[in-house]
Amino acid sequence: MITRLLEGVPRRGLAMLAALLVLLLAFPLFASGYLLAIGFLILYFAYVGQAWNIMMGFAGQLSLGHSLYVGLGAYAAAALYVHFGLSPWIGLLASIGTCALAGAVIGFLAFRFGVAGVYFAILTIAFAEFARIGFDHFTWVRGSSGLFLPVANYTENDLWNLRGSPRMFYYLMLALTAGAFVLCHALLRSRMGYYWLAIRESPEAAQALGVNIFRYKMYAVVLSAAMTSLAGVVFAFYYNNLFPEQIFHISRSIELILGPIIGGIGTLVGPLVGALLLTGLAEGMGELLLALGVDVPGVKQVFYGICLLLVVMFLPHGVWPPLARKLGLER
Amino acid sequence: MLAVRNLSKSFRGLRAVQDVSFTVPQGEIVGLIGPNGAGKTTIFNMIAGVYAPDSGSMLFQERRIHGLRPDQICAAGIGRTFQIVKPFAGLSVLDNVMVGALLRERTTAASRALSVQILDRLGLGAKREQPASSLTLPDRKRLEVARALATRPKLLLLDEVMAGLRPTECDQIVAVFRELNRAEGLTVLLIEHVMRAVMALAGRIVVLHHGEVIAQGTPEEVVRDKAVLECYLGEETEV
């Protein structure tokens with residue numbers, strides 16, 4: 001299994017990945033609380049970017065409503081915890097189930113009735129908006145006044161109930177990100193991966209080669225939704241408060257796709273690089289400007305815009321593909 | 001192996017194919033020829049499950065294939081190429097073929113082995129790591145054939161795969177099909193404008209004009225047929 005996973009991976013790439021993993025594992029040992037929070041955010045965006053990438057980067061289906069799955073996942077686990085004291089590890093089963101079902105419904109509607117391209121993207125936005133407005137009036141989860149998780153000072157990390165220090169959340173997110181990376185790597189080498197890429201490149205040709213494109217597109221949507229829901233669970237227990245207006249908002253959907261776009265759509269490393277660049281640099285620059293005594297609101301958004309603009313203009317395939325060539329990792 | 005009976009198809013009132021019947025016997029190579037717009041590709045698309053015929057029936061190995069999706073048709077054993085090539089441009093040549101091979105091979109390793117073998121056979125072996133987008137048009141046509149062959153079809157539908165090829169390249173592909181037909185009993189239905197290829201390959205020819213069959217028979221019979229000569233060369237007139 002492991003030897004098959006490693007087959008054909010360039011030695012250098014493997015060494016770099018190992019170095020990166022060691023760095024990420026050691027990071028909390030010397031990082032301040034603030035840096036740790038940024039580290040968590042980077043990993044969070046790397047993970048959801050990876051999940052989104054399965055749909056768009058692999059199977060070619062543009063979702064602009066992934067905040068739906070973050071939100072549903074977060075709410076499902078948080079509500080079960082608040083109301084019934086259920087551990088998030090049990091709650092995440094509900095999160096995964098809910099999101100997989102939501103993904104399946106959207107996918108079925110779209111793929112059965114030939115909704116594709118931009119129209120598919122609009123459909124995904126519509127469902128996220130339904131959820132945003134619907135949850136505003138969903139009193140079981142406190143509607144628009146927000147769902148709060150009980151917060152107390154914890155002397156030790158309670159992994160079972162996900163109550164604990166930022167360091168615990170950092171490592172949890174790191175485990176998820178690493179797991180998603182390995183999973184996507186394995187998927188890309190499987191029948192599923194080949195079929196997804198074929199569908200992305202030419203659905204007609206894929207179908208003529210015996211690929212059931214409906215089924216494989218459904219797999220992509222459901223898997224992507226289920227993976228994204230896990231990020232929602234961690235999000236809920238990390239921030240301890242959920243507001244429909246925030247978590248389902250379209251800006252959240254956009255925010256989470258910027259990483260893979262900047263990093264390189266359809267690449268394994270793209271979402272990581274993108275998250276590191278966007279979150280790391282944006283936060284870093286905010287700090288730098290603050291230290292220089294410049295306090296300009298919205299500077300982060302401007303930075304996002306400039307980054308996107310530069311990448312679209314000069315690196316249409318994202319930062320990773322040319323970077324990989326520079327590092328000698330290109331096949 | 002394939003029996004098409006009274007097939008008709010109209011597009012918004014334009015009769016593309018009308019009452020077409022022909023058979024492709026097991027192990028034969030049948031050519032489908034006719035001027036542009038005669039309905040050849042439309043017939044292909046109906047057999048391949050892209051369009052549903054308005055009327056008529058299609059039997060493949062005694063099984064009705066009317067109403068099956070393209071992927072089901074392919075799984076049933078009919079492979080096809082596209083006249084306007086549709087490579088998976090972002091994938092390597094090898095990966096393009098592997099998508100087809102995965103239909104019947106159980107593992108990616110077995111698919112890779114089969115794909116390499118097919119690419120070598122079609123003279124694309126040296127280019128297998130290149131992205132498909134870097135191929136020239138004749139190579140893209142070969143890639144179409146390679147992908148379709150990788151699905152291990154019993155019947156192969158070839159839509160103008162020789163167009164744009166040099167005569168020597170054309171002969172090379174003809175030799176490949178001959179060999180597949182002889183050694184593996186592959187049945188072929190081909191649409192072709194390059195008469196050199198049709199004459200060399202096909203044991204039977206079906207001639208279409210304005211969506212109707214105007215002649216069918218052996219190549220020798222067809223080239224002497226009056227209706228065919230008229231449609232290709234115009235009527236004989238006294239000057």
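Let's start with one pair of residues: B:Leu2 stands opposite B:Phe60 in strand E4 of chain B. This is a predicted model, so a few ground rules apply: local features need pLDDT of at least 70 and side-chain atom pairs count only at pLDDT 80 or more, while totals for chains, interfaces and linings use all residues. Residues are numbered from 1 along each chain as its sequence is written, and chains are lettered from A, ligands numbered from 1, in the order in which they are written.

- E4(B) covers residues 55–60 and pairs with E1(B) in the antiparallel sense over 5 bridges. Strands here are DSSP runs of E with at least two residues, helices are runs of H or I with at least four, and both are numbered from the N terminus. Two strands pair if DSSP finds at least two bridges between them.
- The sheet is open, has 4 strands in the order E2-E1-E4-E5, and its pairing is antiparallel.
- Its edge strands are E2(B) (14–24) and E5(B) (63–64), and each pairs on one side only.
- E1(B), residues 2–11, is joined to E2(B) by 7 bridges, and the two run antiparallel.
- Back to B:Leu2: in E2(B), B:Val24 stands opposite this residue. B:Val4 has B:Phe22 as its bridge partner in E2(B).
- E1(B) and E2(B) make a hairpin with 2 residues between them, and B:Arg12 in the turn has a positive phi of about 45 degrees.

**The six-stranded sheet of chain B**

- Another open sheet in chain B has 6 strands in the order E6-E7-E8-E3-E9-E10, this time with mixed pairing.
- E6(B) (78–80) and E10(B) (212–217) stand at the edges with a single partner strand each, so one side of each is left without a neighbour in the sheet.
- From one strand to the next, the twist averages 15 degrees.
- E9(B), residues 204–209, runs antiparallel to E10(B), with 5 bridges joining them. B:Glu212 in E10(B) is the bridge partner of B:His209.
- Helix H1(B), residues 40–47, lies across E3(B) (29–33), E6(B), E7(B) (155–159), E8(B) (187–191) and E9(B), and runs at about 145 degrees to E7(B). Axes are lines fitted to C-alpha atoms, for helices over the stretch in contact, and angles run from 0 to 180 degrees between N-to-C directions.

**Two helices that cross in chain B**

- The axes of H3(B) and H5(B) (residues 137–150) come within 6 Å and cross at roughly 30 degrees.
- Residues making the contact include B:Val93, B:Val97 and B:Ala101 of H3(B), along with B:Leu143 and B:Ala146 of H5(B). Being in contact takes C-beta atoms, placed from the backbone, within 7 Å.
- Sorted by class, this contact has 8 nonpolar, 2 polar and 1 charged residues. Ala, Val, Leu, Ile, Met, Phe, Trp, Tyr, Cys and Pro count as nonpolar, Asp, Glu, Lys and Arg as charged, and the others, Gly among them, as polar.

**Where the chains meet**

- 21 residues of chain B are in contact with 18 residues of chain A.
- On the chain B side, the elements giving two or more residues are H2(B) (70–76) and H3(B) (93–101).
- That side of chain B divides into 12 nonpolar, 4 polar and 5 charged residues.

**A look at chain A**

- Chain A has 15 helices and 2 strands.
- Its radius of gyration is 20 Å, close to the 20 Å that the globule rule gives for 331 residues, so chain A is as compact as a globular protein of that length. The radius is taken over C-alpha atoms, and the rule is 2.2 Å times the number of residues to the power 0.38.
- The C-alpha trace of chain A spans about 60 × 45 × 45 Å along its principal axes.
- A:Leu223 sits in helix H10(A), residues 213–239, and is buried, with 21 other C-beta atoms within 10 Å.
- A:Leu223 and A:Ile54 are 169 residues apart along the chain, yet their C-alpha atoms are separated by 8.0 Å.

Methods
Contact = placed C-beta atoms within 7 Å. Buried ≥ 20, exposed ≤ 12 C-beta atoms within 10 Å, placed from the backbone.
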